[in-house]
Amino acid sequence: MRRSASLLGLVLVAAGGFVVLLVARLGDYPADAGPAVAALAHGSLRRAAAVPFLMGPFSIVLRAPFVWVADRLGAGDLGVYRAGIVPCLAAAAVLGVALVRRSRSNWAPLVAALAVLTPASVAAASNGHPEELLGGALCVAAVLLAHGRRPVWAGIALGLAIATKQWALIAVVPTLLAAPAPSRVRVALVGAAAALAFYTPFIAQDPHAFMAATRNEAHVESAATPETIWLAVASDRHVNVAGSPTLTYHAVPKWVPPVSHALIVLAALPFALLLWRRRLQASQALALLALLFLVRCVFDPVDQDYFHVPFLLALLATEVTAGAFPCVTLFAVGGLWLNFGVLHGTASPWLSAAVYLGWTAVVGAFLGGRIFGVRLFRGIELPALVRRAPRSLEV
């Protein structure tokens, strides 16, 4: 039974990945990662470094060989882009396989499917940002490896995540709290070295392009989607945001973007102060990671569906490592689909905001309870197959 369920899980991982590839569209890729990936695929680090892409260089390096092969086979622009998605999607698939091995056989196939196929992962591929899958999977892996007493590998995974997308800095505190206290410095040092190993060659080749990309990344439109806490201070005036023609934005005061980003960065600080003397269980550290990623989405004025990829991966890992049926992950997937697949652009912005803040508050309460060891939702009756599961599958 266990082997057949695991085999079905592997099939679903592959099938889910194929679906994501099938629906992938270029999105931001031609204006963001595309030129740098193409330059590196043709062997020119200098030209790749001269492109001010708005992400870390690791996914650029990782995608280049796949893009080279696709280009040599005569694939068009979309085919070349989809080839570059493969290694990013593979990272999520490997995480899915690892979670399948930790989960109960009854719901292993569901775990496998949720690792690669959600509205957020589909949106990431469709918007030209498959690196969200890579970065999210690496962040979860860093926490699991840190808790598994593998500080060097945890540091490498954390550093590669930071070299994939800057938001991976959110994972630093959860990763350190998952590691035994004596190994935390080693995790941090290895992580810094791994990140610098990828950033340094690009910065050295063209520091001006790096600074330009940093300035562009720091500049954010004074606009907000309804799916954020900032709608209360937004006006009724609609704003066009470059690169996001399918989303509806409302104007917000100029102080909102810097304040929101400061809150996102500082969100981990209270947890670090409260929990530093403790070593968190795997599910607790993953719950903290998921909560911080959720805070990033809720507090970011220009919130988008694909921003939720790391959050969903961390939430799924939280429930699996706790030996629980992934009901909260399914709830979050349903809420995300309802907001961005049904309500956005068709319903009242206030309704969209109320629904979004409603389901994220429920998930946030669950994660907060998990972090501090408080059981919530005791009254929920799960199927019999779930109730037969052991209370914990901590590693």
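The questions and answers below go through a predicted model of one chain.

Q: How many helices and strands are there in the chain?
A: The model is predicted, and its chain has 395 residues. Its secondary structure consists of 19 helices and three strands.

Q: What percentage of the residues in the chain is buried?
A: A residue counts as buried when its relative accessible area is under 20%. Among the 395 residues of the chain, the buried share is 53%.

Q: Of the contacts in the chain with a separation of 6 or more, what percentage joins residues 24 or more positions apart?
A: A contact here means heavy atoms within 4.5 Å. Among contacts with a separation of 6 or more, the share from residues 24 or more positions apart is 77%.

Q: What part of the accessible surface belongs to carbon and sulfur atoms?
A: The chain has an accessible surface of about 17,000 Å². Of this surface, the part belonging to carbon and sulfur atoms is 67%.

Q: Is V20 buried or exposed?
A: V20 sits in helix 1, which covers residues 2-23. Its relative accessible area is 0%. The cut-off for burial is under 20%, so V20 is buried.

Q: Which residues does V20 touch, leaving out those up to four places away in sequence?
A: V20 and V116 are 96 residues apart along the chain, yet their C-alpha atoms are separated by 7.8 Å. V116 is one of the residues that V20 touches.

Q: Where is L117 found, and is L117 buried or partly exposed?
A: L117 belongs to the loop between helix 6 (108-116) and helix 7 (119-126). Its relative accessibility is 33%. Values between 20% and 50% fall in the middle class, so L117 is partly exposed.

Q: Which residues form a nonpolar patch on the surface with L117?
A: The patch has about 400 Å² of accessible area together. Besides L117, its members are F18, V19, L22 and V23.

Q: At what angle do helix 2 and helix 4 pack?
A: Helix 2 spans residues 33-41 and helix 4 spans residues 58-72. Their crossing is right-handed. Helix 2 contributes A33, A36, V37, L40 and A41 to the contact, and helix 4 contributes I60, V61, R63, A64, V67 and W68. The axes are 8 Å apart, and the angle is about 65°.

Q: Why does the salt bridge of E131 and K165 tie together parts that are apart in sequence?
A: The closest N and O atoms of E131 and K165 are 2.9 Å apart. E131 lies in helix 8, whereas K165 lies in the loop between helix 9 (151-162) and helix 10 (172-178), so the pair ties together parts separated in sequence by 34 residues.

Q: Which residue meets R72 in a salt bridge?
A: The two side chains meet at 3.2 Å, N to O.

Methods. Residues numbered from 1 in each chain as written. Predicted model: local features only at pLDDT ≥ 70, side-chain atom pairs only at ≥ 80, totals over all residues. Heavy atoms only, no water. Patch = residues over 30% accessible without salt bridge, like charges linked within 9 Å, V, L, I, M, F, W, Y side chains within 5 Å. Areas by Shrake-Rupley, 256 points an atom, 1.4 Å probe, with all protein chains shown as cover. Salt bridge = Lys/Arg side-chain N within 4 Å of Asp/Glu carboxyl O. Helix = DSSP H or I, 4+ residues; strand = E, 2+ residues; numbered from the N terminus. Buried < 20%, exposed > 50% of the residue type's maximum accessible area, 1.4 Å probe, protein only. Axes fitted to C-alpha atoms, helices over the stretch in contact; angles between N-to-C directions. Left-handed = near helix turned anticlockwise from the far one by under 90°.
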